[in-house]
Amino acid sequence: MPQVFRVAEREADLLTRGQGELVRAQLVELHETLAPGERLTIDFAGVSAMTPSFADECFGKLAERLGANVFRSSVRLVGADEVVRVLVNSVLARRLGAGRKEPA
Amino acid sequence: MTSPPGGSESEVRRQVAEYAELGPRRGVARLVRDLGSNRPPDASGHPSIILAALATISDAWATELRKRSCGTHKCPKCLQRLIERALAEVRGANTPGAKLSQRNIYRRARQPKSEGQLVIANADELGLFEEHSDFIRRLHELSQQRLPMELEVRFTCEHVYVHGLALLAAWCERNAARVSLVAEHDRVAQYLEATGFRDVVEKCQTIREPRYDGEHHVALTCVERSARDAADAVAKRIVELFAGHIDLDQEARDPLKISFAELVENVYRHAESNSPAYVMAQAYPATQKLHVAIVDTGIGVYNSFRNSEDAAIRARARTELQAIRMAVEKRVTSKTELHSGYGLFVVRRLVEENCGTMLVMSGRTTLKFWGHRDWRERIGPQDRAEPNRAWKGTEVSLMFQLDRPLPLLQVYGELSRPEEEDFFGRP
């Protein structure tokens, strides 16, 4: 059964790094429970406002922690509007960009 | 008034004064030696209160105390715990009754205080105008007198702006033992009351949750690094307060929330100060303008970059002007591993596209950004640097035009490079 995490379930305004840390911790916990081959779906539906600080703290650092290959193969992003999609793509590209080391 | 646990106020004050006389480095070294040898400075004085008091004297003291709690100085565990507890007390996290703010320390101290007067005749000094530098210069001149100071602020002007008031509140928090406000015009007197300015500056009260007073302004709100949850909500709350009272649609709300949140976030992450920052906001429905100011008395933009672990960043930030320009550039941050360097860039670009104004003042430099558009053609973003006298900390002031768009999608689009991957919609 696919794991789905709804980002806006508790709060539609995602503004601070503090909030980002909390959501990232939940995502890490959920990711650790995935069975081999299973994927974690992050659903952005309902997000109202998201700052670059939140996006970087939550998704950028999550991707960096997992590494580009694991992130691409085990995390699926869905349901974002255009503004959120552009922002999240940007922070992920920065954190997973060329020259970044894969975690050991 | 609550006495510190384990000792009378006068004893604590005496002990604090003894260490303080030695200066931060020698004072902390002596304190570490006394505490580390299990010989508290005085049996009647509670060590954590002494540490807390010392940490509030200045950022230099807090920095020295933090150095000693990093674990690399072979300090005994008990000392480390004490220092952590002391810093928590300074931040007001654990002991609300015994909180020793910088102003309270000054007020209790027996040292003689100087007297000063600040007359504000020209309201433009408080606004986003060239005269703002004159106001900073005058505050700097006051700082040259013996501190702390008993200050009379006399407003002879007919109106005021939030930018200068937030700046004045932060200055008083750091430098003044007692402040009395005199306003010659009723309108200004009412404004100082209604915005909480008098409560905060004259009566030393703290307003942690933004409140709206019906006249399109949000009261002078304190942003403390300790009270994270309250401060996290400040940006959102300010926008909600305005949204309920002025014509603000959803398309404007989100970019405003994002801008304010990034400014508040900067205070946490870069100011490195125990003194609070102040936020104040005012809308002008008739002219469709929204003014916001956030002022801290932290280490400033230049020092933040000069303290960077990234040698290339340190090398680029050779002057205060270069440091401020870097702060609003895309993907430039003093904390390269921890942060993305998007926050202030996004704020600046939103302001420019909105034809608003953004002022960043830190140290001896003020840099103002604005976008300009006339009826015939768009004239691109512009900026201008102005020298001013030293301000220990950072002010960021914004003016938005509420009748013009805030193109968030366009600005977020500028964060990406065309060749970058789309992480959404992969099967």
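Student: Which residues does B:Pro276 touch, not counting residues up to four places away in sequence?

Tutor: This is a predicted model. B:Pro276 sits in the loop between helix 13 (250-271) and strand 5 of chain B. Leaving out residues up to four places away in sequence, B:Pro276 touches B:Glu173, B:Cys222, B:Val223 and B:Glu224.

Student: Is B:Pro276 buried or exposed?

Tutor: A residue is buried if 20 or more other C-beta atoms lie within 10 Å of its own. B:Pro276 has 29 other C-beta atoms within 10 Å, so B:Pro276 is buried.

Student: What separates the C-alpha atoms of B:Pro276 and B:Ala169?

Tutor: Along the chain, B:Pro276 and B:Ala169 are 107 residues apart.

Student: Which residues touch the most other members of the largest nonpolar core?

Tutor: This core has 131 residues. Helix 8 (residues 162-175) of chain B supplies the largest share, 9 residues. The residues that touch the most other members are B:Ala166, B:Ala169 and B:Ile294.

Student: Which residues does B:Ala166 touch, not counting residues up to four places away in sequence?

Tutor: Strand 5 of chain B spans residues 277-284, and strand 6 of chain B spans residues 289-296. Contacts of B:Ala166 fall in these ranges. With residues up to four places away left out, B:Ala166 touches B:Leu220, B:Tyr278, B:Val279, B:Met280, B:Ala293, B:Ile294 and B:Val295.

Student: Why is strand 5 of chain B largely enclosed by the rest of the structure?

Tutor: Strand 5 of chain B has 8 residues. It is largely enclosed because the number buried is 7 of the 8 residues.

Student: Which residue in the turn between strand 5 and strand 6 of chain B has a positive phi?

Tutor: The two strands form a hairpin with 4 residues between them. The positive phi is about 60°, and the residue is B:Gln288.

Student: What is the bridge partner of B:Glu115 in strand 2 of chain B?

Tutor: An open sheet of 3 strands in chain B has the order 1-2-3, with parallel pairing. Its edge strands are strand 1 (114-120) and strand 3 (176-183). Strand 1 joins strand 2 (residues 149-155) through 7 bridges. In strand 2, the partner of B:Glu115 is B:Glu150.

Student: Which residue stands opposite A:Gln3 in strand 3 of chain A?

Tutor: Chain A has an open sheet of 3 strands, in the order 1-3-5, paired parallel. Neighbouring strands are turned by 25° against each other on average, direction ignored. Strand 1 and strand 3 (residues 40-43) of chain A pair over 4 bridges. Opposite A:Gln3 stands A:Leu40.

Student: Which element of chain A gives the most to the side that touches chain B?

Tutor: The contact takes 29 residues from chain A and 28 residues from chain B. Elements giving two or more residues to the chain A side are helix 1 (17-32), helix 2 (52-66), strand 5 (75-78) and helix 4 (82-95). By class, that side has 13 nonpolar, 9 polar and 7 charged residues. With 12 residues, the element that gives the most is helix 4 of chain A.

Note on methods: Residues numbered from 1 in each chain as written. Chains lettered and ligands numbered in written order. Predicted model: local features only at pLDDT ≥ 70, side-chain atom pairs only at ≥ 80, totals over all residues. Contact = placed C-beta atoms within 7 Å. Nonpolar A, V, L, I, M, F, W, Y, C, P; charged D, E, K, R; others polar. Core = buried A, V, L, I, M, F, W, Y, C linked by C-beta atoms within 7 Å. Buried ≥ 20, exposed ≤ 12 C-beta atoms within 10 Å, placed from the backbone. Pairing = 2+ DSSP bridges. Axes fitted to C-alpha atoms, helices over the stretch in contact; angles between N-to-C directions.
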